[in-house]
Amino acid sequence: MRNENGTQHHRILAQNPESRETLTKTKTQTQHCTQKNPSTIASSQSTSSNYMLPRKRGVGGEVETKQEGEGVETTTSHQIISIETTLTKKHCAVAATTTTTERNNTKGNDNNNNKAISDSGDTSASAAEEPSIMALGNGASTDIDEDLHSRQLAVYGRETMRRLFASNVLVSGMQGLGAEIAKNLVLAGVKSVTLHDDGVVELWDLSGNFIFSEDDVGKNRALASVQKLQELNNAVVISTLTSELTKEQLSDFQVVVFTDISLEKAIEFDDYCRNHQPPISFIKSEVRGLFGSVFCDFGPEFTVFDVDGEDPHTGIIASISNDNPALVSCVDDERLEFQDGDLVVFSEVNGMTELNDGKPRKVKNARPYSFAIEEDTTQYAAYVKGGIVTQVKQPKVLNFKPLQEALRDPGDFLLSDFSKFDRPPLLHLAFQALDKFILEFGRFPVAGSEDDAQKFISLVIGINDTLSDGRLEAIDQNLLRHFASGARAVLNPMAAMFGGIVGQEVVKACSGKFHPLFQFFYFDSVESLPTEPLHPSDLKPLNSRYDAQISVFGSKLQKNLEDAKVFIVGSGALGCEFLKNLALMGVSCNKQGKLTITDDDVIEKSNLSRQFLFRDWNIGQAKSTVAASAAGLINPHLNIEALQNRASPETENVFDDTFWENLNVVINALDNVNARLYIDQRCLYFQKPLLESGTLGTKCNTQMVIPHLTENYGASRDPPEKQAPMCTVHSFPHNIDHCLTWARSEFEGLLEKTPAEVNAYLINPNEYTSAMKNAGDAQARDNLERVLECLDKEKCEAFQDCIEWARLKFEDYFANRVKQLTYTFPEDATTSNGTPFWSAPKRFPRPLQFSVDDLSHLYFIMAASVLRAETFGIPIPDWVKSPSKMADAVNKVIVPDFQPRKGVKIETDEKANTLSASSIDDAAVIDELIMKLEECQNQLPQGFKMNPIQFEKDDDTNYHMDLIAGLANMRARNYGIPEVDKLKAKFIAGRIIPAIATATAMATGLVCLELYKVIDGGHKLEDYRNTFANLALPLFSIAEPVPPKLIKHKDLSWTVWDRWILKDNPTLRELLQWLKEKDLNAYSISYGSCLLYNSIFPKHRERMDKKLVDLAREVAKADLPPYRRHLDVVVACEDDDDNDIDIPQVSVYFR
C-alpha cells in the first residue's frame, strides 16, 4: 500500500534481537525545521573558553548550580507549573523547564529513563485572580512550544519531550558524524549538548562537516561548532570541552556518544557508565569511508516503556462466547492487529460484565476479525452487546552487555541488507583491526596503499585466529582493501545516515521511547564505488575541501559531481538536508554544473524543528531562496538557482523541454503523492534518474528510479485510504476520528463556506440567484437556505448575538439533534431483519445538558462566539476569557424547548454520499428562498460583507483548533467516546504528518549514497538499493529495486522507459505506415482527451495526409507554444491476430 505521503506498503519482519514484529511500509511526506536568531544567543556562550559543567540535579526538583566564575555553590528550588483543565490541581513537571534561563543555568541528572516524572504536590490558584477560560480549556502543558515542536510531538508525545528537555548529552568527536548527531539533538530540544574534541579543524574535515568553513581551519573543532549549532535552537545549552576527557566528567550526562575514540578508552568509559548510579547510556559510533558501525550499551537493566511508538490496537466487539477458552469476535469494520501473546483489556461489555474488571488477558489464536482469550467464561453471564477491546502495551527490560564482553560475544547483529547477511561478522573484526592499526602505526591506512591494506588484512586475520566461537572460515580480502583505503574519510552521506540513527538512539536512551539498537549495527555501501578500478594516483589529495571524498571515489568522479546538473523538487526538511549534503559533496560546484531547487512554499514556525537551514527571522520568506543562500554558506562554490514555482503542468513553460533534457538527475523532496507522480512522469518522459524518498515519523523510505533499469515510482499504486461513510460521521460516530472529521466539516461549513456563499450572493445577487435557479437541485436549495439563515435568523450585530448563536449551536448539536436521533431510533429499535439497530459499531448517544459550571461548555461558547464575531467584523470584548462574565452573558440567552418530530429522515445507508435529500418541489422552494433573500439584502448596511475564515491549524491564538476540539469532544461526550486534548485534535483534524529530524537525515544520507552511483553512470540494477527503515524498532530493509515490466512483440521489446520518436513532422498516413512496418495495426490515435483518428469512422480517412501537428491544432485545439518542439500521441494498436499490444508513447517532432 501507499499512504498519502507517498510510500509503498509491504509486510516486513523486524530484526529486533528479542522480538519479531510485523510492520507496514509507508510512503512519505517531507518535513521542515526551526531555529533562532544568533543575536539572542545566551550571554554565557563563548567560543574561546570552555563552559563550567553545572552539578547534577538533586532530588525533588532542586537544582544545584555552581555559579560560573565563583567559588561558592548556591542551591535553588524551581517549581514548574502547567495549567490543566481544573482550577485547583496543577501538575509539576519536574523533568521539564519553562524558561530558557533555567535551562541555561542548570543541568539535571535524570540519567535513568526508569525514573518516573512525578507530581510534586498541589498548588492553588490565587483567589484574587480569576483564571481565564483559555487556560482552563486548553489542557496543554505550558512547557512545550507546540507551534515549534508540533510535528515532533506527534511522534514522541509530551512525556518523551519532557524527558528530552531534561537530558544532558555529551558528543565526543566533532568531525562529520559528531556534527550530524549534535545537529539532530539540538533540533530535538534536549536540555544541553556538550561538544568534546581536542583536535583542530583541517581542510580534510570540510568534505563531511557542514559546520566548518575554510576560515575555521586551525581552530578547535568543538569551539568552532558552537555558534552554528546554537542558532538551531536557543533553548538548548551548548557547551564545549577541549582537553582530554576523564571518566569522572561523564557523570554530568545522561547519555554519552563517542565518534572517534580508541577501543581501550571506550571500554574504560563504558565500564564507568555502567557502574554509575543511575547508569549512563553509552553509544560508540564510527563512519570510515563507506563503512559504519554503532554500538549501544544502556546499562545492565534498561526499561523500554514503548517498544514501537504505535497507538494501542483496538477492536469493537460483536460477540463473546461462553467457552473455555472464550472466542471474541469483532465487527468487520477494520482488521484486528492483535498478535498471539498480546495482552488486552475489555470495557463497555454489556451482559458479560465480568470482563470489564480492567484485568489484562492474553490473546491467542489471533485472526483478522477474532481471537481467543485464556479464560473460562462458561459460568459468566451471556454476552448481550457492546464492548471495546484494547491492547495493553507492556514495558520491556533489556540487559545490555558491556563493550568488552560484547566484542568477544556480540550476539545477533542487526541486519540491514539480506544480500549481505555474512557481512556484519567480518566488519566486526575490521573495526577492531582498524583500532589496532592506528594504535600500532599512529595513523590511518593510506588510501590506495597495497602495503597498508596487507598490514590491515593481517590484523583482521590475526584477530579472527584468536576466536574459538564465531571464527570466520572465509575472509573477503577485497572488501577489507576497500575498508582500509577509505578508513580515514568521513563521507557526508554516511555521516548523515549514521547521524540520524545515533541521534534516535540518544532519544531512546533519554526517554525509554522505542526499542534501542541491541547492540551492534554494521553497514557498508561498497556498491557506491565507481565501477572502473581506481588507481592509487586517482586517490591522492589535491589540497581541496573534497580530499576526503577523493580518497574514496577518486578525482574523476569528483569532477563529474562538480559538473552535474541537478534538480531538487522541494525545499522542506528533506530539501534542506539534500542541499547540505550536495554542497559538502561538491555537487554542481563549478561553472559547468548547476543545481536548481524549486518550492512555492514559505517558511512557518513549525518548520524550524526540522528544516535546519531556516532561522526564526526567516519566517514568511520563500523556502527555496533562504535554503539556497544557506547552502551557499556551507560551500561558496555551489552554483545554485532558487525558484518559487510549483513543478506542475502549469509551469512547463519554466521547466521546459530544454531544462529537462539538460539534467543529469532529479531528487524529489516532496510532501504529497500527486506531485511525486507528476515528477515521476516527467522523469520517465525525459529518461532521467529520479531519487525518491520520504519520511513518516520514525519511518523512512527511499526508492531509486533509474532509466531502463528499475520500475518507475508510479508503477505500483496503493488503494485509496478507507473513508468513514458519511452517515457514520454525521449520525453514528464510534471513534474520535469520526468526531474530528465532523468537527472540521462543521467548522468549514459555518465559518468559511457559508460566509463565502453570502459574499458570492452579495457581490452579484442576480448572477448568483440565476445560477441557483438553473441548478434547481437539493444542493442549490441548501446553499440558499444557509445564506438566508446567516443573513436573517442568525445574523449577528453585537457580540451578545454571537454568544447567543454559539449557545443555540451547542443546544442544536449536542442536545436537540441527539434527541431527534434517539426519538427516530430508540435504544430498543430493531432493523428490518429483527437485529438490534444500535448494535456494534453503533453507539447509543445521550444528549448533553448545558451548564455554565462546566468549563468545557463555556470554552466552546467562547471559541465559537469569538470566531462568529470575526466573520461579522464585530469587535471582541476584553472580558471574553472571564468565566464569570461569559457565564453571565450565556445565562441571558433564551433557549427554546425542543420537541422531536415524526417522519424525519436520518440517513443510515453507508453508501450515501450526500445528506441533502432531493425533492420534487425544489424549484418552488428555491424561488421562495430567493424572494426572502432579496428582502434581507435590502435591510443590510451599504457595502456589507462577511469575513470567511480559512482553517489554520498552526496558530494557537486564532481559536480554530479550540473550536474544532470543542466540537469534537462534546460530540464524543454524546456518544461515550474518549475525548482528546487540543494537541491530539490538531494532529487528527489538521492532518499533521508526524516528522522528526533523525529520520530525515537518515533518508537523505541513503539517497546520496545512491547519487554516487547515478553520477558515475556505470552501475547495474543489482548495485542500486531501495530502503525501508523504521528507527523505532529499529528495522532496516534494504533491497535491489524492482526492474521494469518488459513487453515483447515479434523481435521488439520495450518497457515503460521507452518512447518512440518520429521526426520530420509526419502525416497521419506516415505514422500508420511506420507502425505497420513493426507489424502493428493502429486503430486509434488520440491527443489529450481528443480522438485524432479511429479506424471505425470513415470520415477520419480524409485526415490521412494531414500533418499530425495540424490535426492536433484543428481537432484538439492544441495550444503549442514556441518552446514546444513536439507533441505526444497515444496510439492503440493490435497485432495481425487482433491482440491488443500496449506500445510506448509516441512523440511526434514538428520543429
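Modeller: Helices, of at least four residues, and strands, of at least two, are DSSP runs numbered from the N terminus. In this predicted model, the protein has 30 helices and 37 strands, and glutamine 152 has its place in helix H3, which covers residues 146–165.

Biologist: Is glutamine 152 buried or exposed?

Modeller: A residue is called buried when its relative accessible area is under 20%. Glutamine 152 is buried because its relative accessible area is 2%.

Biologist: Which residues is glutamine 152 in contact with, once its neighbours within four places in sequence are left aside?

Modeller: Glutamine 152 is in contact with Gly157, Met161 and Leu164, with Leu187 and Ala188, and also with Ala995 and Ile996. As for the protein as a whole, among its contacts with a separation of 6 or more, 73% are between residues 24 or more positions apart, and buried residues make up 57% of the 1151 residues.

Biologist: Turning to the surface, where is aspartate 1138 found, and which residues gather with Asp1138 in a patch of negative charge?

Modeller: Aspartate 1138 is found in the loop that lies between strand S35 (1126–1134) and strand S36 (1140–1141), and the surface patch of negative charge brings Asp1138 together with Asp1137, Asp1140 and Asp1142. Exposed means over 50% relative accessible area, so aspartate 1138, at 56%, counts as exposed.

Biologist: Which residues form a nonpolar patch on the surface?

Modeller: Leu1091, Ile1096 and Phe1097 form that patch, and together they have about 280 Å² of accessible area. Leucine 1091, found in strand S34 (residues 1090–1094), counts as partly exposed because its relative accessibility is 32%.

Definitions and conventions
Residues numbered from 1 in each chain as written. Predicted model: local features only at pLDDT ≥ 70, side-chain atom pairs only at ≥ 80, totals over all residues. Heavy atoms only, no water. Patch = residues over 30% accessible without salt bridge, like charges linked within 9 Å, V, L, I, M, F, W, Y side chains within 5 Å. Areas by Shrake-Rupley, 256 points an atom, 1.4 Å probe, with all protein chains shown as cover. Salt bridge = Lys/Arg side-chain N within 4 Å of Asp/Glu carboxyl O. Lys, Arg positive; Asp, Glu negative; His and termini not counted. Charge placed at Lys NZ, Arg CZ, Asp CG, Glu CD. Buried < 20%, exposed > 50% of the residue type's maximum accessible area, 1.4 Å probe, protein only. Contact = heavy atoms within 4.5 Å.
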